[in-house]
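These notebook entries record what I looked up in one structure. I set them down in the order in which I consulted the model.

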Amino acid sequence: MMKYKFTNNLGLKIMALVFAAFLWLIVVNIDDPVESATFRNIPVTVQNTEIVTNEGKVYRILDDTQSVSVIVRAKRSVLSKLSSSSIVATADMSQMQIESLVPITATLPGYDGRYTAEATPNNLKVKIEDQTKNAIPLTVSVSGTPRDGYVVGEMTTNPEKITVRGSESLVSSIDKAVAKVDVSGLSKTSVLQAELVYYDGNGNVVDKTQLSDNLGDEGVTVNVQILNTKDVGLEFGVSGEPKEGYIFSSITSEPEKVQVCGTAEALAEVDILEIPASEVDISGVSEKQEITVDILPYLPDGIQLVDETANNVVVTVTIEPEGARTIELPVEAVRVNNLQDNLKVSFDSQTDIELQFKGPQEALSTLDVRNAASIDLKAYTKPGEYEVPVNVEVPSGITLTKKLTVKVTLTEKTDSTEAEDE
């Protein structure tokens, strides 16, 4: 019997060992293969900034390179444990090249030697500039609406202006500094924390992450005054005398009321806004006149218009010959008589009808025709459109100078309209 020797078939044994190792590598990689994954929006931390700031300069990050995507290559078991917060991206100012490019390094603390990582872009682009500052007044921008019955009054910011520091090009690009507040649902004067936003001359938002200011931890607050609202009637006087043989008949305004705002105490003192007669001069006038009156100068102290553009009111003055009077009556005020049970009526026009009367001036001045106009639909038995005469009852001695008609539409009643009528 031959004694066994280790060196017997040595070549085969080595081949078997190599094959086994190779097979083990295949099995391991199949079970836990090396893969790659991309993690986005990783913030870049800038290191050794004193290299720039010690020389009285500041750096400005360009082309949105302050955040990067990082491609990590590692085994699947490692990648499964990673998130964006696992990755640290740094740019060391001491490694800056050609005074504008700083290499970005991506690392995974705690996973040394078990990965490779590459940032995209791989350089932080910076611009070195002189540092400057500028004092900018603050303005207020409001979003939302207060509770019904209230409006926003005066608003003041604290502080009134802000000192901004940064690179010359970035600071000089700021056109305005805005304190933004939301007043939704407010019903009393309040102090609100504001969001500070910088805008350039084109209305674009300026990146404030590369700027500093003098606000500290308190930030910007806005004192928002909340005022009550009230509808107030307008009362106009008339000055002068119309042309001989003519008389002043009536005066109306559009609008008849305006909405004003103020404190509850101030609003309690006003129900009617009286406009002096000097604003409406009818001297020598012989026909209807329309006059635009600015009511703003006649608002009491502490009272203002809710709509600042509603200060111009159109005043209509009716001037007529003596012994004549024209009255405008809403078409809806015309009574309907003898409507067939199976029909319903609607007026074609929603405009006023104009009634012209003659008679003694004393009787005309007290004439009231609010319930005097009617139409008789007894003869109209079928659906259709009709011009129907208007009957007007007037006192003795007064005559209607012009007969009028109104256009009506008659339609068949349906089950739903019958139910509504009931």
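In which strand is the place of N41? I found N41 in strand β1; helices (H or I, at least four residues) and strands (E, at least two) are DSSP runs, numbered from the N terminus.

**Entry 1: Conventions**

I note that this is a predicted model, in which local features need pLDDT of at least 70 and side-chain atom pairs count only at pLDDT 80 or more, while totals for chains, interfaces and linings use all residues. Residues are numbered from 1 along each chain as its sequence is written, and side-chain values use heavy atoms, with hydrogens and water left out.

**Entry 2: Positive phi values**

I looked up phi of N41 and found a value near 55 degrees, which is positive in a residue other than glycine. N41 is exposed, with a relative accessible area of 64%; buried means under 20% relative accessible area, exposed over 50%, and partly exposed in between (1.4 Å probe, protein chains only). I then turned to N338, a residue other than glycine whose phi is positive, near 60 degrees. N338 lies in the loop between β21 (335-337) and β22 (343-347), and its 44% relative accessibility makes N338 partly exposed.

**Entry 3: Overall form**

I recorded 7 helices and 28 strands in the protein. The radius of gyration is 43 Å, well over the 22 Å that the globule rule gives for 422 residues, so the protein is more spread out than a compact globule. This radius is taken over C-alpha atoms, and the rule is 2.2 Å times the number of residues to the power 0.38. Along its principal axes, the C-alpha trace spans about 155 × 65 × 35 Å. Of the 422 residues, 32% count as buried.

**Entry 4: Nonpolar cores**

I looked for nonpolar cores, each a set of buried Ala, Val, Leu, Ile, Met, Phe, Trp, Tyr and Cys residues joined through side-chain atoms within 4.5 Å. The largest has 26 residues, and V68, V70, V72, L82, I87, I104 and L124 have the most contacts inside it. Among the elements that give two or more residues to this core are β1 (34-47), β3 (67-75) and β7 (123-143). A second, separate core has 25 residues, including V334, A372, L377 and V406.

Which residues does V72 contact, leaving aside its neighbours within four places in sequence? I listed E35, S36, A37, F39, L79, L82, I87, L108, Y115, T116 and A117; contact means heavy atoms within 4.5 Å.

**Entry 5: T90**

I located T90 in strand β4. At 15% relative accessibility, T90 counts as buried. Not counting residues up to four places away in sequence, T90 touches V44, T45, Q47, P103, I104 and T105.

I found a cis peptide bond joining N158 and P159, with omega about 5 degrees. P159 lies in the loop between β8 (150-158) and β9 (161-167). The peptide bond from E254 to P255 is cis, with omega near 5 degrees, and P255 lies in the loop between β14 (246-254) and β15 (257-262).

From P255 I went to L234, which is 21 residues away along the chain, with 8.4 Å between the two C-alpha atoms. L234 is in strand β13 (residues 220-236) and counts as buried at 14% relative accessibility. Not counting residues up to four places away in sequence, L234 touches S253, P255, E256, V258, L273, I295 and V313.
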